[in-house]
Amino acid sequence: MRDLWLLAADEQRHRVLRLDPDGAVVAAIELRDPAPMIGDSAQLAGGAGALWVAAAHALLYRVAGGRVAALDLGHHLDGFAVADGPDADAWVSIDGRPRHLHRIDAELRVTATLAHAARYLALGGGAVWTTWKDAVARVDPVTLTVGAPIALDGFISELGFAAGALWLVTLRPERDDAGEHSTLWRLDPVTLDARAVMALPGRPRLIATDAALWLAQLDHPAWTLARVDPRALTLAPIAGPRFAPMLAEDGHLWGVSLDENRAD
């Protein structure tokens with residue numbers, strides 16, 4: 001089993017931590033020069049032979065071989081995705097005027113910029129998938145051409161590419177006494193046919209892998225964690241403590257288990 005990497009932040013610093021399979025911290029790398037804003041949200045991803053950290057206010061970091069390099073993109077970062085492979089690129093959506101999408105190589109060079117309104121990002125099926133409000137679009141990573149937007153019923157809050165398809169969660173605008181409702185969608189990357197496959201309670205977070213789609217929400221009476229089979233399209237709630245998933249790999253789900261007094 002490979003080691004687990006986590007992003008840790010407190011009132012004074014941001015660090016990338018490496019944990020072994022027993023949970024022991026075996027390395028810690030501090031993000032400095034420039035340092036992220038304390039309290040700023042951040043995203044962590046592995047790919048292209050390195051760890052990448054997108055700090056939401058403007059900074060993109062690449063951590064490889066114990067060295068940290070940083071790129072200031074000048075605007076708030078929204079979506080973030082990294083392709084697999086030693087020479088693959090990172091993609092970042094920027095909340096600028098106008099909104100735009102950057103392609104960035106392993107040397108932290110911006111190799112392409114596309115004026116495109118995008119929020120969340122996912123990579124798969126030979127494309128970059130972007131969302132804006134209730135629509136998803138396909139971007140060709142080489143030609144940077146953008147396909148026609150595909151509108152779904154509801155605001156897109158989550159997406160991920162797995163098991164040969166793009167998976168999305170939309171939040172329905174109406175509420176009732178039972179709270180919010182969401183829908184899980186499957187989009188075929190070849191035909192671009194999108195269909196709703198399952199109604200969901202609440203506003204779950206999605207982590208998509210070829211083996212399973214993991215859905216999590218910390219405070220919902222129906223379930224806090226559930227597993228969806230991407231082929232049979234069956235949902236199985238998982239009993240246990242409140243759990244905030246971080247990543248899924250090799251059939252395992254990694255995350256933080258929460259109770260009233262601590263996080264593990």
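**Figure 1. Pairing of strands E17 and E18 in the predicted model.** Strand E17, residues 165-171, and strand E18 run antiparallel and are joined by six bridges. Within this pairing, Leu 168 is placed opposite Trp 185 of E18.

**Figure 2. Burial of strand E18.** Strand E18 spans residues 181-187 and is mostly covered. Of its seven residues, five are buried.

**Figure 3. Pairing of strands E18 and E19.** Two arginines face one another here: Arg 186 stands opposite Arg 195 in E19.

**Figure 4. The hairpin of E18 and E19.** Six residues lie between the two strands of this hairpin. In the hairpin, Leu 192 adopts a positive phi near 60°.

**Figure 5. Leu 73 in the loop between strands E7 and E8.** Strand E7 covers residues 67-72 and strand E8 covers residues 76-82, with Leu 73 located in the loop between them. The relative accessible area of Leu 73 is 11%; because this value is under 20%, the residue counts as buried.

**Figure 6. Surroundings of Leu 73.** When neighbours within four places in sequence are set aside, Leu 73 is in contact with Ala 58, Leu 60, Val 92, Ile 94, His 102, Ile 104 and Val 110. Gly 23 is 50 residues apart from Leu 73 along the chain, and a separation of 34 Å is found between the C-alpha atoms of these two residues.

Note on methods. Residues are numbered from 1 along each chain as its sequence is written. This is a predicted model: local features need pLDDT of at least 70, side-chain atom pairs count only at pLDDT 80 or more; totals for chains, interfaces and linings use all residues. Side-chain values use heavy atoms; hydrogens and water are left out. Buried means under 20% relative accessible area, exposed over 50%, partly exposed in between (1.4 Å probe, protein chains only). Helices (H or I, at least four residues) and strands (E, at least two) are DSSP runs, numbered from the N terminus. Two strands pair if DSSP finds at least two bridges between them. Contact means heavy atoms within 4.5 Å.
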